[in-house]
Amino acid sequence: MQRPRSFSFSSFSTVADAQSCTPFQGSPLTNYKCDVISEGTNILLRANQTYNAVDAAAGASTRLFGAFVPPACRTAAIRMVCLSNFITCTTSTGLKLYPPCRSVCETMIRECSAIAETLGVSALLPDCDMITNATGTPLPAFPPDGTQCSTGPDDPIIAYSQADCPYPLLYDADGEVGEPLEMCKQKCRTTVWSDDVWIGGYVLLYVCSLGNFLTGCFLLTSWLLNPKTRRFPFNTISYFVLSLWPASFVILWGAFFNMAGEDIMCTWDDVPKPVVMDNAGDNDGQGVACVFQGIVVYYCVLACVIWWFFVNVDCALQLFLKVRIEKFRWLQVLYHIIGWGVPLIGLAFLLGFEKIGYENTFPVCQVYLDEDPSWWDWAFFFGPMMSFTLLGMLLMFPGIIYLTVLIVRRLVTGARSKLDLFSFVRLYVSLFIIWAFTIFVYAYRIDVEATRSDVIHAVRCSLLTGEECELETTFSHGLWFLTIIALTNMITLLFITLGTTKVTWEFWLRLFSCNSEESPGMHVWSVISGRHLEDDDRGFELRECDERS
C-alpha cells in the first residue's frame, strides 16, 4: 500500500514572505469545500506562490476526509485544512495574518483521534502546542482564541460529493450521512471487467442457457414418455435435468427484461445499485424479478448437485452390488425428501435474512454477498454443494476404476458381463464432466473473494492517499467464462452423451410412425404405455397417415 499522504497544516508565513493579500476566489480543487469556510475573506499568497498552488495544497488534504470519516471529524478537519492553507489576512492597518485558533486544532484532535488511530496515521495529526519562529520570535502556531487568529464560521455545513468517495466507489446522494457504505457504492456491474468482456459474458450466458433449456425440454419429454427410459439410470437422471431446467428458463426470462431495456439487476436510481431484497420494492417493484430469479437459481443449482450425488448412488448399487434401484422404493422416497428438502431449508434461511439479490461479479441474481467477508453463501449454498460433491466423488471414482477393470478384462479375456458396459461408460463420462463443472464454480467463488479483497485494498489505499489507486486484481477472465459455460451446459452435456442414443431416436420414429390398424391417438398411447414393446420384433416403418386413419 502507498504511504499515507501528510496533511497540510503548516502554511504559516511571515509578513516578509507575503506576496499579497488577495480576495478568496473559490476552491475548485477542494471541490469547493473551503468555500464554506473562507468565503468573503482575503487570503495570503506567499512570495512566488500562486492562488492555484494554495488551492491544490488544500485539495490534496481535503480529499482525505470523505464519507468514510465520521461527520464531526470531517467537518473539523476540513475547517482546519482550509484555514491553514487559505490563511485569512487583512490590510486595513498593515498586513495582518490570522492563522487557525487553538480551538480549531483541539476540535480536530478530539474528533479525529479515534479514526486516525484505527488507520494508523495518528502521527500525521497536528500538534496544537507547536511553536513557530516565522517572525524571529517564538509564537504559538495556533494562537489562543480571542487573539489574532481565525475560527471560521460556526457549524459549517459542508456538502458531500463524488470527491468524498475513494476510488473505485461511486457517490450516492440518497445515502445516509455517517453511513459510508450507504453513501459510497460499488459500481453496479463490477469494476473488474471491461464493457466488452461483460457483454461477451452476457451473450455466452444467454446462448448457452437457450441450448440448455431446449435440450432439457427434449430430454424430459423423451425420458418421461419412453417406457424404455422410465428405469435405471434415466429415472434418477430425469430429476437431475428437472432440477436444473427451471434455472435456464429464469436466466432467459431475465434476458427478455434486459433486452426490453428494463434492467432487473441494478436499480434505476441516479446511481444504480445492485438489487437486493431491501430495495427490490423500489421503482414500482423493479427488483422483484431479480429476487425471483435469485430464488430459482439458488434452489435449482443446489438441487441438481444433490441429484448428481443420487445418480452416483444408483450407479454404485448397479455396478458393485448388481442391484436395481427400483427394488428400494424407500430409498427413492428418501431421494425426494433430501433432493428437494435441503435446498428448501437453505432458501428459507436466506429469505429470512434477506440474502437473495444481485452479486456484482456474475450476470445472474443469486445469493447476495455482504460488503464484509460473507459466510452466508458458504453456509447455505457452497457448503452443502461441496458436501454432496465430496460424497459423490467417493462413489464416482471407485466406479470409474471398477468399470475400467471390467472393460480391460473383457478386451483381454473376452469375458462377457451382464452389464451394458458402453452405457455405463457414457454415464460415467457425464458424471465426471459435471463434477469438473462444479470444480470451476468453486474455484470461481474463491477467486471472487480474492477480488473483493483487491477492491477493499484499492478503497483503503485511495482513502489514505487521496489518489485513485489502481485495482491490483488477478481476477481470471478465463475462469469467469468457464464458470458460465459450466453452469449453463450441464443439460446440453447429458443430451450429447445420453440423449442421442438409438433408444431415444427409435422411440420418436415409432411415435410418429403410422399404424393403419389403430387411430393416431391410440397409436401414440400404445407407444407411450409400452404395449408396442410386446411386438418389437415386428419392426416398424415411418410413413404418412392417410385421412381415413
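Modeller: A word on annotations comes first: UniProt positions are given in the numbering used here, feature names are shortened, and annotations may be inferred rather than shown by experiment. The unreviewed UniProt entry annotates "transmembrane region" over several spans, including residues 296–321 and 333–353. This is a predicted model, in which local features need pLDDT of at least 70, side-chain atom pairs count only at pLDDT 80 or more, and totals for chains, interfaces and linings use all residues. Residues are numbered from 1 along each chain as its sequence is written, and side-chain values use heavy atoms, with hydrogens and water left out.

Colleague: What makes up residues 296–321, helix or strand?

Modeller: Helices (H or I, at least four residues) and strands (E, at least two) are DSSP runs, numbered from the N terminus. Residues 296–321 are 96% helix and 0% strand, with end C-alpha atoms 37 Å apart. For residues 333–353 the figures are 95% helix, 0% strand and 30 Å.

Colleague: Why is the pair of W253 and F292 called edge-to-face?

Modeller: Rings of Phe, Tyr and Trp (its six-membered ring) pair if their centres lie within 6.5 Å; planes under 30 degrees apart count as stacked, over 60 as edge-to-face and the rest as tilted. The centres of W253 and F292 are 5.3 Å apart and the planes stand at 85 degrees, so the pair is edge-to-face. W253 belongs to helix α7 (residues 234–259) and F292 to helix α9 (residues 288–320), 39 residues apart. The whole structure holds 32 aromatic pairs.

Colleague: Why is the pair of F310 and Y335 called stacked?

Modeller: The ring centres of F310 and Y335 are 4.2 Å apart and the planes are at 15 degrees, so this pair counts as stacked. F310 is in helix α9 and Y335 in helix α10, so the pair ties together parts 25 residues apart in sequence. F310 and Y335 also belong to a cluster linked by ring pairs, whose members include W307 and W340.

Colleague: Are F310 and Y335 buried or exposed?

Modeller: Both are buried, a term for under 20% relative accessible area, with exposed over 50% and partly exposed in between (1.4 Å probe, protein chains only). W253, at 25%, is therefore partly exposed.

Colleague: Why is I337 called exposed?

Modeller: The relative accessible area of I337 is 56%, so I337 counts as exposed. I337 is part of helix α10 (residues 329–352).
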